[in-house]
Amino acid sequence: MARVSTKENKSPYQTTREGLKLTRETASELLEVLSPERIEKIENDRTLPHPDEVLLMSQKYRKPSLCNYYCSNQCPIGQQY
């Protein structure tokens with residue numbers, strides 16, 4: 001059984017995945033091109049996701065607002081404008 005995160009300020013990527021009751025391993029299988037390690041780095045803000053990764057997560061998780069979050073908060077162009 002996977003451990004449940006007790007982190008207080010979770011990223012939208014993590015809260016969405018956890019809301020779907022997916023572990024990083026099962027999310028990796030669903031996303032097909034992202035390893036569990038890559039998902040962890042994105043969720044813990046240790047690396048910025050690539051736009052294609054955000055698009056894939058938003059589609060597979062059925063959560064279009066992830067794209068809005070990325071464009072507003074992480075994309076350099078979105079932050080500038």
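Helix axes here are lines fitted to C-alpha atoms, for helices over the stretch in contact, and the angles between them run from 0 to 180 degrees between N-to-C directions. The model is predicted: local features need pLDDT of at least 70 and side-chain atom pairs count only at pLDDT 80 or more, while totals for chains, interfaces and linings use all residues. Residues are numbered from 1 along each chain as its sequence is written, and side-chain values use heavy atoms, with hydrogens and water left out.

**View 1. Helices α1 and α3 pack against each other.** Their axes lie 8 Å apart, at an angle of about 125°. Helices are DSSP runs of H or I with at least four residues, numbered from the N terminus. Angles under 35 degrees count as roughly parallel, over 145 as roughly antiparallel, 65 to 115 as roughly perpendicular and the rest as oblique. That makes α1 oblique to α3. On the α1 side, look for Y13, Q14 and R17; on the α3 side, the contact is made by I39, I42 and E43. Contact, by the way, means heavy atoms within 4.5 Å. Sorted by type, the residues of this contact come out as 3 nonpolar, 1 polar and 2 charged. For that sorting, Ala, Val, Leu, Ile, Met, Phe, Trp, Tyr, Cys and Pro count as nonpolar, Asp, Glu, Lys and Arg as charged, and the others, Gly among them, as polar.

**View 2. Helices α2 and α3 cross.** Here α2 covers residues 24-31 and α3 covers residues 36-43. Their axes come within 8 Å and cross at roughly 110°, so α2 and α3 are roughly perpendicular to each other. From α2 come R24, E25, A27, S28 and L31, and they meet P36, I39, E40 and E43 in α3. This contact divides into 4 nonpolar, 1 polar and 4 charged residues.

**View 3. Part of α2 is buried.** Which residues of α2 are buried? They are A27, S28 and L31. Buried means under 20% relative accessible area, exposed over 50%, and partly exposed in between, using a 1.4 Å probe and protein chains only. The three cover an arc of only 105° around the axis, which puts them on the same side of α2; the arc is that of the directions from the helix axis to the C-beta atoms. An α-helix has 3.6 residues a turn, so residues three or four places apart point the same way. The buried residues of α2 pack against α1 (12-19), α3 and α4 (51-60).

Zoom in on A27 in helix α2. With 0% relative accessibility, A27 counts as buried. Leaving aside residues up to four places away in sequence, A27 touches R17, L22, I39 and Y61. Between A27 and C67 there are 17 Å in space, C-alpha to C-alpha, and the two are 40 residues apart in sequence.

**View 4. Helix α3 has buried residues too.** Look for P36, R38, I39, I42 and E43, the buried residues of α3. Seen down the axis, they fall within an arc of 160°, so they line one face of the helix. What covers them includes α1, α2 and α4.

**View 5. Two tyrosines, Y13 and Y69, form an aromatic pair.** The structure holds 1 such pair. Rings of Phe, Tyr and Trp (its six-membered ring) pair if their centres lie within 6.5 Å; planes under 30 degrees apart count as stacked, over 60 as edge-to-face and the rest as tilted. This pair is edge-to-face, at 5.7 Å centre to centre and 80° between the planes. Y13 sits in helix α1 and Y69 in helix α5 (residues 65-73), so the pair ties together parts that are 56 residues apart in sequence. Y13 is buried at 1% relative accessibility, whereas Y69 is partly exposed, with a relative accessible area of 25%.

**View 6. L56 lies in helix α4.** At 17% relative accessibility, L56 counts as buried. Not counting residues up to four places away in sequence, L56 touches L31 and V33. L30 is 26 residues from L56 in sequence and 9.9 Å from it in space, C-alpha to C-alpha.

**View 7. E32 and its positive phi.** Most residues other than glycine have a negative phi. E32 is not a glycine, yet its phi is positive, about 70°. E32 is exposed, with a relative accessible area of 65%.

**View 8. D45 also has a positive phi.** The value for D45 is about 55°, although it is not a glycine.

Notes. Helix = DSSP H or I, 4+ residues; strand = E, 2+ residues; numbered from the N terminus.
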